[in-house]
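Let's take a friendly walk through a protein model together. Have a look at the structure first, and then we will start from the inside.

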Amino acid sequence: MAAHLVRRCCRRLLLLPAPAGPPAGPALRTCPPRWAEGPQARPRDNGAEQQLRELIRAAASPQELLQVSRGPGLSSNLAALAITRLARLAREQRLDREGIRGDPRFQQLLCAVDAQISQVWNTPLVQLLRSLPALGLAQGGPQVRSVEQEVLWRLRRLPLRQLVHLAEHLAGQGHESLLLPEVLRKLELRWTELDGTRTVVTLMAKVGHLSPTLMERLEDKALELAEQFDPDELRRVTLALALQQRRCVPLLRALSYHLLQKPAELPLPVITDLLFAYSKLNFQQPQVLHRLSLELQPHLGSLSPAQVSRCARSFASLRWLSRPLAEAMAQYCLENTQNLSLTQLCGILISFARLNFQPSSSEEFFSMVHERLQGQELDMHLLTDVVWSLCVLQQPRPPHLRQVLSPEFHTRLRGDPSPRAQSSWLKLLHINATARLEAPGYQGPFLPPEALGADKDKSKDRDKDKDKATPLQRGLREALPGALGGHELVRYNVSTVYGWDIDAEVVLDSDNKALPVRDFSAPHLSHSEGTKPLPPGSRRVAVLRWELPQFSSRGRELLGWGSMARRHLRAAGFLLAEVPHYEFLELKLERQRVAYLKDKVAKALASDTAGDTATDTAT
């Protein structure tokens, strides 16, 4: 209402006839003159102004520019140009900005601009707004506020290019500006006018994080212009999406497609930044990852240890194993042992364990790792990850096992509800299982029995979260009773003391008939319901599902996590009926799934029988 009243009053004042006699003062203006709206309607320069403009452009020192303030033909527009040029010289020559601000001639330039700011052209006005903070003037000072207010008046009529420059400047100031929200709002409304790849990339990288609505519009525009992006622009757009955690799949697919069409070899910064962005967004595109791994390998020797460690972690996060590249990374570690920090070496080791990769020079590589770890103090969680990785790769040593399984160490993790601590505790259970099942010479210590039951309520929680179950998990829940039997014969959703979960457990006698599983002792449980030993000839079968994230992106090889689970459960006396997602989910009918599970159990029993026969024959 107040704004409406002010506009009406201004219109009435402008419509009043001028009084007779000489004017008392300048007429009231409520907006910039029409010629300030664009360069096409600017007034013609006279000779003195043109001479001053050439002097400002050619000035090579601040004294020449400050001397302009004493010129007779100085206008507000020329004063703005002089201040902009002065800011540029101060930045390039690293001049004393405080001395410039205290010079009376500089103050005269500011006064000349402030007196007739509405006469300053659009381009010098936007440049002036960027130059004043560069010269050290306070963001909330009267000079900066005056320029911001004038820009706000003209905002609707500014060309899009100047809006983009304005948004880029305000976004980089790092403080709340009253002008920035209005600039963003104008860009949101005028996004269809964007036509250059450079403008779109700049806005996505520097401004998009300030306005989700604008970022959505920019993603649509980038999808339209994706074919025109060069490799560096593809890198910047993908990096902007990663840093803002925006997993726009259609845009990522388009960028990946056009990246593959680029015939030239990609620059090294493009390769490393794309790897980081794809891993940050968990976006897996096999053809792109294959190309990146091929083109990265020849440059591996020129990378810094930090870059090699980051690339290894990125490939591990994407579950992509390129064996030639991994071998080159292992060799890089052996050749640059002194340059690698312990944290970087641990990052590469953890990446190898996640991908379940054993270097060809395994003995030399792990000897170097053990030597570097000796006598070093690591963060509690990092040490747990490192020892867990050695267990995955079957390279643990008793000193490392003792260090993490000691009461002083594991008591710090127990009771900590943070996700990082819970993950470390689960890995500690796996390390304890390795010490018991795969380290015959290890004498202790081990985790106490009461600590192994800390995970006993997980099956109850899983029942509460049935809506979050994966399609493979839901399908198994429906088909397992028909394949194995009811709850009196089968134990479902088993959490073992080894830290691994089993979908179903059944005990079969020598005739392959199911026995009541709860009647028998279960050393793999923290609290066994039965006490009877297994009858002679009977076998314990575990149904184990393998989800998509447990496989390598390149094929059907289990990652380190699944490989260690398989070893531990077999060492604990289980026959494994393994159910991978790519087989089970292809079956649509329940009777097909039931028959599939029965066949899996039969094959597990047959392989065990064949193994026993081979052993007897050898004996």
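## A space inside

This is a predicted model. Let's begin with its largest cavity, whose lining is made up of Ala312, Phe315, Trp320, Leu321, Ser322, Leu325, Ala326, Met329, Ser351, Phe352 and Leu355. Sorted by class, these lining residues are 9 nonpolar and 2 polar, with no charged residues. Three helices each give at least two residues to this lining: H17 (305-317), H18 (323-335) and H19 (342-355).

How can empty space be found in a model? Rolling a probe the size of a water molecule over the atoms shows where empty space is left. Here the largest cavity holds about 80 Å³ of space, and the count of cavities of 30 Å³ or more is 2.

## The whole chain

The protein chain has 619 residues, and 50% of them are buried.

Contacts tell us how the chain meets itself.

## Two cysteines and the disulfide count

A disulfide is a covalent bond between the sulfur atoms of two cysteines. How many disulfides does the structure hold? The count is 0.

Cysteine 311 has a relative accessible area of 1%, so it counts as buried. Cysteine 391 is buried too, because its relative accessible area is 0%.

## Histidine 381

Where does histidine 381 sit? Look in helix H21, which covers residues 380-392. Is histidine 381 buried or exposed? Its relative accessible area is 12%, and the cut-off for buried is under 20%, so histidine 381 is buried.

Once neighbours within four places in sequence are set aside, histidine 381 is in contact with Leu413, Arg420, Ala421 and Ser424.

## Glutamate 488

For a contrasting spot, find the loop between helix H27 (471-484) and strand E1 (490-495), where glutamate 488 lies. This residue has a relative accessible area of 54%, and exposed means over 50%, so glutamate 488 is exposed.

Apart from neighbours within four places in sequence, glutamate 488 touches Pro516, Val517 and Arg518. Take valine 517: it is 29 residues from glutamate 488 in sequence, while their C-alpha atoms are 7.3 Å apart in space.

Definitions and conventions
Residues numbered from 1 in each chain as written. Predicted model: local features only at pLDDT ≥ 70, side-chain atom pairs only at ≥ 80, totals over all residues. Heavy atoms only, no water. 1 Å grid on protein atoms, 1.4 Å probe; cavity = no way out; pocket = protein on both sides within 12 Å on 5 of 7 lines; lining within 4 Å. Points joined across faces, edges and corners; volume = space filled by probe spheres on them. Helix = DSSP H or I, 4+ residues; strand = E, 2+ residues; numbered from the N terminus. Nonpolar A, V, L, I, M, F, W, Y, C, P; charged D, E, K, R; others polar. Buried < 20%, exposed > 50% of the residue type's maximum accessible area, 1.4 Å probe, protein only. Disulfide = S-S within 2.5 Å. Contact = heavy atoms within 4.5 Å.
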